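Hi,

Here is the structure I promised to pass on.

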Amino acid sequence: IESLGDDVSLPNLTKLDLQNNKNLVRLPLKLCTPSLQHANFSKNNIEVIPKDFLMSCKGSLQTLDLSENQLTLPMNLIEHSELQILELRHNKIRSVPVIHENLIKLNLDKNDITSIEGLYPVLKQCNDFGKTEDGDWFRPKLKELFLSQNNLSELHSQSMAVMTKLSFIDVVNNSLETLPSVVGYLRDLNKVAIDGNPFRIIRSAISYRAEGGIDTEKLLRSLRKRDYPPKGPGYH
């Protein structure tokens with residue numbers, strides 16, 4: 001498939017699978033799918049996702065797979081409150097997407113991202129640990145975060161501090177020298193993939209289990225020793 005046309009309306013469509021069409025470089029500028037729940041555009045050569053399409057399904061979309069395309073621009077999905085899984089691996093994205101707090105899984109492997117700051121714009125009105133000006137605590141539902149093979153030299157501490165439901169993070173093959181101490185206090189975090197980073201500052205805290213993989217608990221304990229416990233809910 002090379003093209004879907006310029007003006008497509010599919011009001012009752014709930015699932016759209018257009019994966020593995022190497023000649024597909026763009027979607028219709030006016031693609032209206034107000035009932036769409038699951039969209040798979042992986043393994044194409046799409047460069048841009050039309051805003052009209054994203055807005056048309058903001059109240060219904062639950063999974064979006066755009067992996068292995070040619071995307072360069074970040075996306076604003078702040079209004080997609082039903083979206084739970086976002087796959088953006090293996091593109092050319094330089095900035096993280098803006099996401100809703102309900103997103104559970106975000107895969108940004110194999111991109112050109114230099115910072116995770118900006119995932120949650122509300123943090124501009126919060127303190128270092130996600131406390132809002134009204135006294136509430138911002139706590140997104142993100143559980144899985146994949147960031148391997150990017151250009152990260154640090155992890156934005158405030159962004160990490162609010163991810164109190166995070167259970168897994170993958171930062172393999174970046175340029176990280178350390179991790180924010182607050183990561184050690186994330187109560188639900190039980191697996192960290194960190195191979196392929198220089199980690200000069202926390203090298204002594206990294207060891208491997210006999211069965212393979214990082215000794216996550218030892219790493220997290222070491223991080224906790226570096227700073228006082230953060231204030232707010234969701235921490236050890």
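Predicted model: local features only at pLDDT ≥ 70, side-chain atom pairs only at ≥ 80, totals over all residues.

Residues are numbered from 1 along each chain as its sequence is written, and side-chain values use heavy atoms, with hydrogens and water left out.

**Salt bridges**

Side chains of opposite charge can pair when their charged atoms come close. A salt bridge here is a side-chain nitrogen of Lys or Arg within 4 Å of a carboxyl oxygen of Asp or Glu. How many salt bridges does the whole structure hold? The search finds five.

One of them joins R89 to E87, at 2.8 Å from N to O. To say how open each residue is, I use relative accessible area: buried is under 20%, exposed is over 50%, and partly exposed is in between (1.4 Å probe, protein chains only). On that scale E87 is buried at 9%, whereas R89 is partly exposed at 27%. These two also belong to a network of salt bridges that takes in K105.

Another salt bridge pairs E177 with R200, at 2.7 Å from N to O. This pair links distant parts of the chain, 23 residues apart: E177 is in the loop between β11 (168–170) and β12 (191–193), and R200 is in the loop between β12 and α3 (216–225). Those labels come from DSSP runs numbered from the N terminus: helices are H or I with at least four residues, strands are E with at least two. E177 is partly exposed at 33%, and R200 is exposed at 55%.

E217 and R224 make a salt bridge too, with their closest N and O atoms 3.0 Å apart. Is R224 buried or exposed? It is buried, at 18%, while E217 is partly exposed at 39%.

**A buried leucine**

Take a look at L147, in the loop between β10 (144–146) and α2 (157–161). L147 counts as buried because its relative accessibility is 1%. Leaving out residues up to four places away in sequence, L147 touches L108, D109, I116, L152, L155, D170, V171 and N174; touching means contact, with heavy atoms within 4.5 Å.

On a 1 Å grid over the protein atoms alone, a cavity is a set of points where a 1.4 Å probe fits but cannot get out; a pocket is an open set with protein on both sides within 12 Å along at least five of seven lines; lining residues have an atom within 4 Å of a point. Grid points are joined across faces, edges and corners, and a volume is the space filled by probe spheres set on the points.

There is one cavity of 30 Å³ or more. What lines the largest cavity? Its lining is L155, I169, V171, L179, V183, V192 and I194. Both L155 and V171 are also contacts of L147.

The largest pocket holds about 260 Å³ of space. Of the 15 residues that line the largest pocket, K51, L54, P74, M75 and N76 lie nearest its centre. α1 (51–56) and β6 (76–77) each supply at least two lining residues, and α1 gives the most, with three.

Enjoy exploring!
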